[in-house]
Amino acid sequence: MNLIFLGPPGAGKGTQAKIICQEFGYTYLGTGDLLRSLVSRSDPLALKAKEFMEKGELVPDSLMVEIVSGQLKTLKNGFILDGFPRTLEQAQILEEMLKELGIQIDHVIYFHLDDAEAENRLSNRYQCKNCGNIYNSNLGQCPKCGGSLFRRKDDEPETIRKRLEVYHLQTAPLLEYYERRGKLKRIDAQGSVEEISGRIKSILRNGKN
Ligand code: AP5
């Protein structure tokens with residue numbers, strides 16, 4: 001299956017994409033993680049993207065496509081795109097690229113979560129500098145490896161609000177785009193991590209949840 005995970009920041013897209021990829025052997029392409037890893041390696045394009053990310057804005061389409069096009073061109077059946085596309089222009093570019101590769105998207109899974117819960121989750125997200133594990137409170141040290149925990153710069157309250165505003169303006173129109181193509185599957189992103197994985201797996205099995 002080839003899937004796109006769509007939804008507001010904090011909806012749990014990354015958490016679920018990693019679980020489903022591990023269980024089904026899919027390839028994971030998360031543009032947020034990709035950008036952050038390129039920034040940490042001082043990739044010149046990613047450094048240009050950094051200022052937009054830190055402000056909670058989207059990286060401009062042309063720059064974004066330049067950064068991810070290499071990875072998109074190597075896609076083979078069995079993947080999850082997490083955080084791409086995020087604008088109508090990116091969706092159209094992706095559609096063209098996949099057509100050339102002879103690949104189809106099976107489902108676009110939309111994680112529905114209200115802004116208050118998204119804000120609450122993101123303001124309590126801490127990540128281990130060493131192993132990358134994510135926690136929902138500041139435990140100081142990573143229980144798994146002892147590494148120190150940090151909070152993403154874009155998880156400051158003001159930047160979270162900006163990201164949500166940007167999501168509603170620039171990304172939410174994709175819901176209609178994929179609905180018209182018969183690809184959109186909505187899930188309630190409220191509930192335990194296990195419950196939400198169950199809703200996604202039900203779509204993978206039956207085409208609906
Ligand atoms: P990105 O890293 O993709 O950020 P995002 O979409 O804002 O997504 P998040 O990672 O914040 O949320 P998520 O839905 O993955 O939730 P998670 O699973 O982590 O992008 C960062 C930036 O990069 C963008 O702002 C933009 O600047 C740039 N960018 C990236 N792609 C781009 C593109 N295509 N075009 C332009 N710019 C782009 O969960 C969140 C928290 O909730 C965690 O603490 C988690 O443990 C917890 N949680 C998860 N599930 C549950 C649950 N069921 N119950 C309670 N807590 C839960």
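Trainee: So which residues come nearest to the ligand?

Mentor: Thr15, Glu57, Arg86, Arg125 and Arg163 do, out of 33 residues around the ligand. A residue counts as near if one of its heavy atoms lies within 4 Å. Keep in mind that this is a predicted model, where local features need pLDDT of at least 70, side-chain atom pairs count only at pLDDT 80 or more, and totals for chains, interfaces and linings use all residues. Residues are numbered from 1 along each chain as its sequence is written, and side-chain values use heavy atoms, with hydrogens and water left out.

Trainee: OK, Arg125. Where is it found?

Mentor: In the loop between helix H6 (115-123) and strand E5 (126-128). Helices (H or I, at least four residues) and strands (E, at least two) are DSSP runs, numbered from the N terminus.

Trainee: Is Arg125 buried or exposed?

Mentor: Buried, at 18% relative accessible area. The cut-offs are under 20% for buried, over 50% for exposed and partly exposed in between, using a 1.4 Å probe and protein chains only.

Trainee: And what does a polar side-chain atom of Arg125 lie 2.7 Å from?

Mentor: An oxygen atom of the ligand.

Trainee: Switching topic, which helix gives the most to the shell?

Mentor: H2, with four residues. Helix H1 (13-24), helix H2 (31-40), H6 and helix H9 (193-206) each supply at least two.

Technical notes:
Polar contact = N/O pair within 3.5 Å; in protein donor to acceptor, adjacent residues only side chain to side chain.
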